[in-house]
Amino acid sequence: MPSLYSVPIENLKGIGKKRAEMFNRLGVYSVGDLLEFYPSRYENWSQITDISQAPINENVCIKATVGSFINTVRTKGGRILSKFSAFDHSAGVEIVFFNNRYINSMISYGDTLLFYGKITRSVSGLQMLSPQFQKCDAVSDSAGYKPIYRLTGGLQNRIVSNAVKTALEMLPQNVRDPLPQALREKFSLCDYKTAIEQVHFPQNGAQLEQARRRLICQELFILMQGMLKLKKAGKSSTEYKLCKDYTDEFSSLLQFDLTKAQLNAIHDCINDMTNGENAMSRLVQGDVGSGKTAVAAAVCYSAVKNGWQCAFMAPTEILARQHHESLSRLFENSGINVDLLTGAVSESQKKIVRQKTASGETDIAVGTHALITDKTRFNNLGLVITDEQHRFGVSQRAKLVSKGDNPHLLVMSATPIPRTLGLIIYGDLDISVIDTLPPGRHKIDTFLINKSMHSRACNFIKEQIKSGRQAYIVCPLVEENDTDVASADEYAAELMLKEFSDIPVGILHGKMKSAEKEKVITQFEKGEISVLVSTTVVEVGVNVPNATVMMIENAERFGLSQLHQLRGRVGRGSEKSYCILVSESKNPDTLDRLETLCKTNDGFKIADADLHQRGPGDFFGERQHGLPKLAIADFADRENLETAKKMGEYFEENKNAFSASEISTLNACTKRLFNREGYNILN
């Protein structure tokens with residue numbers, strides 16, 4: 001139905017220019033957009049619940065007779081309060097409306113109506129506050145299911161619902177289905193027209209479930225198809241071919257043995273850069289402390305020894321500095337030049353480094369976003385590495401790659417992602433997983449406590465410090481803009497006065513200047529600071545093996561994956577390490593979520609739990625993954641993710657069996673989804 005995407009929303013009956021602007025604010029510009037503007041939830045008016053059986057504080061529909069005249073009074077605050085009693089065969093309930101001056105003309109004594117809302121328990125008995133209501137026979141139009149849409153100022157749900165009904169009338173009877181018939185039959189999916197009609201106005205729960213499953217699987221399948229196209233488009237030919245693998249020579253520089261998982265990841269990269277016509281596009285994914293940096297260093301070593309330059313981009317100044325220092329130490333006597341380029345570097349030093357990268361004197365340029373500015377040029381860029389990939393968008397990665405002539409690309413992530421989700425998020429990359437930790441990494445004991453045990457936790461930290469160890473204390477905010485959470489500055493001051501008056505305490509947060517942050521980190525690394533009070537700026541890049549305790553205040557405010565990252569700051573030395581989660585939450589679900597950290601140190605299990613409980617946002621921040629925005633699918637929906645993955649495999653295996661028209665329709669849908677996010681590569 002491509003034609004409906006070219007019909008402006010204002011062309012619909014009842015939608016003028018002013019209302020069209022409201023729809024535009026919701027991302028709806030055309031009739032086609034409106035049909036794919038799915039309800040956010042539904043009110044089920046068809047399932048009538050007896051008043052006596054209605055669960056407290058849950059939306060229900062009751063059928064009740066008005067049993068008293070409406071009593072309307074004006075409160076001291078000037079509000080209009082209207083009350084009346086209603087009853088069914090099982091019990092009675094008091095109905096209350098606020099500031100509805102028309103209620104007396106809409107409801108009369110003796111009327112039997114449907115009321116939809118939450119029943120609560122008050123001193124006088126059961127109450128229903130400001131419910132929606134309608135005549136019993138008015139339900140037949142939608143068989144009891146009322147779609148509720150996302151709204152914006154001035155736009156009512158009734159207007160959206162009526163507009164959708166009009167749009168559905170424009171949908172051709174023989175509309176071209178985005179999914180080929182054979183694919184629908186294979187996976188028991190209904191046709192597109194049926195799904196669109198039923199997702200907006202289902203007659204029953206079975207229809208709604210059928211429609212949603214079809215549209216969710218379609219959206220995920222199309223997303224996977226688009227990522228596959230991106231992957232193929234990114235497989236550009238390159239002249240950079242490794243003539244020799246220097247992994248064994250690199251290993252001799254190390255004071256430890258690489259694990260089998262690390263060697264496998266290195267082999268994958270070397271194989272990509274040696275064989276085939278296309279440049280490498282690979283993700284190396286591993287848990288906290290699994291040794292991804294050593295893998296990156298090994299690949300850099302072979303690249304430089306083959307005459308190429310490398311660009312190594314990290315998301316923060318702290319992490320970039322950490323990588324620069326570790327690579328500089330490792331390659332100190334190897335003849336490999338490693339330079340640092342970040343926003344904190346002085347202008348004069350930036351100029352020198354840029355001259356060296358442009359001339360080819362710099363072999364490995366480590367930096368932040370400064371690497372992708374127009375001023376930074378390379379002489380012979382053969383390998384690009386980005387660390388903590390989930391913090392970069394696809395466009396930033398592409399910009400760094402554009403600094404060379406189709407260089408190889410290696411991206412790394414210490415945020416474990418469930419495999420099926422990873423296939424989507426990183427669908428344009430090949431994936432290597434480091435699934436074992438190096439020998440000597442101790443399991444970190446994790447405890448969940450409340451404020452009543454806070455002093456005991458601080459005493460434990462003091463004992464660790466007396467033994468020569470150090471500790472992190474993380475709090476969520478930098479400033480006191482939330483009465484529930486102490487700021488880093490004030491909290492550190494309180495600790496220095498009360499708990500750690502005789503212990504050196506440092507403060508670190510994102511609003512400090514780079515030079516200040518670097519000074520504090522250096523002091524902590526040297527042991528001049530025993531306790532580092534910080535925000536999540538320490539999540540990556542701070543590596544102090546002597547630190548054995550990580551205490552996280554208000555732990556409920558973090559996702560599990562982020563807590564796991566923070567926990568990974570300790571346990572890096574030879575001593576036993578501990579993580580203490582502090583939370584005053586009484587919510588059973590929240591406490592159960594935090595207990596997950598206490599039960600396992602496996603980042604992949606934690607990521608899976610996080611995805612299931614909180615969705616994908618915790619992995620990527622606010623749309624940082626750069627994927628097209630989904631209209632109905634949810635990355636936490638593992639069952640439909642698996643179905644969509646199988647659909648993709650079946651489609652690729654049987655591509656020749658599908659008609660040119662079916663493939664053309666599918667391609668148009670894929671293009672439309674990705675073009676909204678600016679992926680013109682699919683044109």
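## Burial of strand E11

Strand E11 (residues 309–313) is largely enclosed by the rest of the structure, because five of its five residues are buried; buried means under 20% relative accessible area with a 1.4 Å probe, protein chains only. Strands are DSSP runs of at least two residues, helices (H or I) runs of at least four, and both are numbered from the N terminus.

In a regular strand the side chains alternate between the two faces of the sheet. Both faces of E11 are covered: Gln309, Ala311 and Met313 are buried on one side, and Cys310 and Phe312 are buried on the other.

## Basis of the model

The model is predicted, with local features requiring pLDDT of at least 70 and side-chain atom pairs counted only at pLDDT 80 or more, while totals for chains, interfaces and linings use all residues. Residues are numbered from 1 along each chain as its sequence is written, and side-chain values use heavy atoms, leaving out hydrogens and water.

## Pairing of E11

Two strands pair if DSSP finds at least two bridges between them. E11 pairs with strand E14 (residues 381–386) in the parallel sense over five bridges, and Gln309 has Leu381 of E14 as its bridge partner.

E11 also runs parallel to strand E13 (residues 364–367), joined by four bridges. Here Phe312 is the bridge partner of Val366.

## Confidence

pLDDT is the predictor's confidence in each residue, from 0 to 100. Its mean over the chain is 86, and 89% of the residues reach 70 or more. Confidence is highest in helix H6 (residues 192–200), at a mean of 96, and lowest in helix H21 (residues 617–620), at 50.

Over residues 478–486 pLDDT stays under 50, and the model has 21 contacts (heavy atoms within 4.5 Å) for them beyond four places in sequence. Residues 620–625 also stay under 50, with 13 such contacts.

Conventions. Buried < 20%, exposed > 50% of the residue type's maximum accessible area, 1.4 Å probe, protein only.
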